[in-house]
Amino acid sequence: MTRSAVARTLMYLSLIGATVVVLLPLAAVLLTSLKSEQEMANGSGALALPGDLLNFNNYATAFQDGRMLAAFANTAVILLFAVGGTVLIGSMTAYAIDRFSFRFKKLVVALFLVAALVPGVTTQVATFQIVNSFGMFDSLWAPIVLYMGTDIVSIYIFLQFVRSIPTSLDEAARLDGAHAFTIYRRIIFPLLKPAIATVVIVKGITTYNDFYIPFLYMPSEDLGVISTSLFRFKGPFGAHWETISAGAVLVILPTLIVFLLLQRFIYNGFMRGATR
């Protein structure tokens with residue numbers, strides 16, 4: 001009982017410590033975003049309470065001067081095409097790998113694993129040349145195509161779920177005259193809802209938070225997304241940390257809300273895909 005109590009105490013202490021480490025920076029950013037320029041000039045501490053907890057002037061400045069509306073629109077377009085394309089490509093690829101027999105099948109699966117292990121930085125020069133040769137540089141299509149074509153993890157998530165679907169359903173559909181695409185569209189895809197929810201949430205949050213690809217492939221200011229707009233916004237407001245913090249809160253808030261509302265789908269999707 002003593003060992004069990006000590007182990008439980010250490011577990012709770014570690015969880016509390018991890019929670020403090022995660023929430024403390026967020027609290028500092030939130031409190032800073034509510035402070036006035038005068039309070040920051042007076043050397044107010046990061047965790048000191050602002051004089052007015054309803055001071056949203058910094059948020060208005062960040063939203064207007066940071067061109068956040070256009071950034072949200074560009075991000076929404078990229079998310080729509082990238083996440084939708086990832087779901088279609090990943091589910092179709094997983095269906096083809098699991099249900100069809102073809103030459104070098106094992107080699108293809110192994111190459112997918114190798115591609116997932118190769119650091120993306122090592123292939124950026126070649127990737128940039130390919131994107132530029134197709135005329136997609138400095139357009140929304142560059143990140144869309146790159147996000148859709150580099151998500152090997154989503155293929156493996158879909159593959160685990162496709163393997164859990166009985167092949168007898170495919171055979172029964174073929175006896176009724178259904179071809180491969182009909183089976184995929186009417187049987188396989190509807191049964192992949194937990195995997196689709198997992199991929200949509202994980203891929204969506206990753207795409208939303210990504211900075212490197214939009215910054216490299218879309219240098220124009222009118223093509224800024226959430227992450228790059230916040231970075232460029234830091235230039236003219238480099239000394240105004242209260243305004244920069246407000247912009248950071250505007251960027252963090254959507255993903256935080258989505259994750260808190262849909263986190264059970266993420267955990268359930270990974271668990272069901274791993275245990276079936």
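In this predicted model, helices α4 (68-99) and α13 (226-233) each contribute at least two residues to the lining of the second largest pocket. The volume of this pocket is about 170 Å³. Its lining comprises 13 residues, of which Gly66, Arg67, Glu221, Ser229 and Arg232 lie closest to the pocket centre. Sorted by class, the lining of the second largest pocket consists of 5 charged, 4 polar and 4 nonpolar residues.

A nonpolar patch is present on the surface, with about 960 Å² of accessible area in total. The patch is formed by Val6, Leu10, Met11, Tyr12, Leu13, Leu15, Ile16, Val20, Leu24 and Leu47. One of these residues, Ile16, belongs to helix α1, which covers residues 2-33. The relative accessibility of Ile16 is 51%. Exposure is assigned over 50%, and Ile16 is therefore classed as exposed.

Ile196 has a relative accessible area of 16%. Residues under 20% are counted as buried, so Ile196 falls in the buried class. Ile16 is thus exposed, whereas Ile196 is buried.

How values were computed
Residues numbered from 1 in each chain as written. Predicted model: local features only at pLDDT ≥ 70, side-chain atom pairs only at ≥ 80, totals over all residues. Heavy atoms only, no water. 1 Å grid on protein atoms, 1.4 Å probe; cavity = no way out; pocket = protein on both sides within 12 Å on 5 of 7 lines; lining within 4 Å. Points joined across faces, edges and corners; volume = space filled by probe spheres on them. Helix = DSSP H or I, 4+ residues; strand = E, 2+ residues; numbered from the N terminus. Nonpolar A, V, L, I, M, F, W, Y, C, P; charged D, E, K, R; others polar. Patch = residues over 30% accessible without salt bridge, like charges linked within 9 Å, V, L, I, M, F, W, Y side chains within 5 Å. Areas by Shrake-Rupley, 256 points an atom, 1.4 Å probe, with all protein chains shown as cover. Salt bridge = Lys/Arg side-chain N within 4 Å of Asp/Glu carboxyl O. Buried < 20%, exposed > 50% of the residue type's maximum accessible area, 1.4 Å probe, protein only.
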